[in-house]
Amino acid sequence: MSKNVFTHLEKFLLKLEEFDRQSLPLDTYRWFRYLTFEVVTDIGFGADYDMISHGELNHPFKSFLGPQIERIPLSWMPKSLREWRLAEVRTEEHARGGLQKWLEQKNQGIAGHRVDILQRLIEHGEKNPEDKLTEKELVTEIMEIMLAGGDTTASTVTYACYEITRFPEVQDKLRKALKDAIPDASAPITLEMLEAIPYLDWTVKEMLRMHPTIPSSLERVVPPKGADVAGYHLEGGTIVCMQAFTQHRQEEIFPKPEEFQPERWEHADAKMRANLLAFSSGARSCVGQNLATMQMKIHMGMILRKYRIKGHPDTTPYSMEPLDFFQGKPRAGKCLLYFEKDE
Ligand code: HEM
């Protein structure tokens with residue numbers, strides 16, 4: 001799986017070079033989304049939208065709004081909202097199209113048809129007919145992977161790049177750690193090499209702590225018989241929730257919480273580990289967390305091995321303030337940064 005991530009990232013690095021040659025800032029929020037959708041649709045069902053070459057022309061997700069908007073007839077909506085609603089319709093069309101194409105290729109026995117998440121879902125259904133998913137359910141699964149897996153990782157990496165321009169000493173340490181571990185910039189880099197770099201691991205944890213991509217409350221319902229939690233009795237049916245954003249800012253667990261300090265993870269105690277909740281916790285926590293962590297290590301490691309990231313005057317604490325649309329988004333809807341190749 002990591003091979004797919006490296007392949008897409010190589011394309012992304014060419015794009016960075018293009019921007020750097022022209023001394024242009026890159027809207028990281030936009031381009032990381034292209035990158036992560038490429039990865040997730042490839043691993044999910046073998047699609048290749050090639051967004052990194054074509055930009056957003058083919059993008060099914062220019063924006064996405066929750067199901068509440070489905071109830072409003074399209075003709076009543078202002079143009080901007082209609083675009084959002086249509087984006088959702090287009091997403092479903094892409095998912096359905098992706099499934100059809102995938103099934104055609106499988107039926108034709110096209111050589112090299114890879115094992116992806118869809119293959120596993122279908123195979124499981126073939127072996128266990130009672131679990132077999134209908135076409136509609138498969139489309140829903142594809143949509144969920146696309147929607148849950150792309151923006152989330154992209155937003156986390158965007159905020160990380162922004163934070164390391166605010167904390168240059170972190171950028172220096174991370175780049176040094178990468179250069180020490182991978183002295184030859186032109187040598188092929190593997191996941192194993194990146195996974196062996198503690199400072200990169202701490203940086204990824206700190207990215208997740210400081211900017212959990214879902215800052216919203218995640219609701220759970222207390223089972224009918226009720227529950228006792230931390231000395232409180234909760235009646236059955238009560239809705240309870242927690243928020244990673246506030247949990248990650250508890251001073252007594254994470255001192256100076258507004259500072260981006262990967263070092264804090266060097267001697268992480270059990271309390272810190274238990275309170276890192278960016279992927280939520282328990283039975284309904286993120287199923288894509290290993291993939292997301294792998295991607296973040298590859299993206300941050302490969303980019304920072306070769307590039308220094310510099311701020312842009314339009315990218316400020318105000319423009320980057322995360323607004324809560326269930327998933328957090330920068331207030332300005334963009335994050336301009338310079339990527340300067342130095343090796
Ligand atoms: C940094 C990246 C990511 C973060 C921070 C993140 C965070 C989360 C969180 C907090 C939840 C739980 C929501 C809840 O409790 O209601 C969740 C669920 C989910 N995530 Fe992620 N996610 C990330 C990346 C991914 C990726 C890459 C994929 C898949 C390819 C993915 C697939 C899913 C799915 C399918 C669910 C629903 C699980 C269920 O309902 O049982 N996520 N994610």
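**Ligand shell**

I looked up which helix gives the most to the shell around the ligand, and it is helix 6, with four residues. Helices here are DSSP runs (H or I, at least four residues), strands are runs of E (at least two), and both are numbered from the N terminus. The model is predicted: local features need pLDDT of at least 70, side-chain atom pairs count only at pLDDT 80 or more, and totals for chains, interfaces and linings use all residues. Residues are numbered from 1 along each chain as its sequence is written.

I find 22 residues around the ligand, the closest being Ala148, Gly149, Cys286, Gly288 and Ala292.

**Cys286**

I placed Cys286 in the loop between helix 12 (270-274) and helix 13. The unreviewed UniProt entry annotates Cys286 as "binding site"; such annotations may be inferred rather than shown by experiment. Beyond four places in sequence, Cys286 is in contact (C-beta atoms, placed from the backbone, within 7 Å) with Phe279 and Ser280.

**Lys341**

I found Lys341 in strand 9 (residues 336-341). Lys341 is partly exposed, with 13 other C-beta atoms within 10 Å. Leaving aside neighbours within four places in sequence, Lys341 is in contact with Glu17, Asp20, Lys306 and Tyr307.

Conventions: Near = placed C-beta within 6 Å. Contact = placed C-beta atoms within 7 Å. Buried ≥ 20, exposed ≤ 12 C-beta atoms within 10 Å, placed from the backbone.
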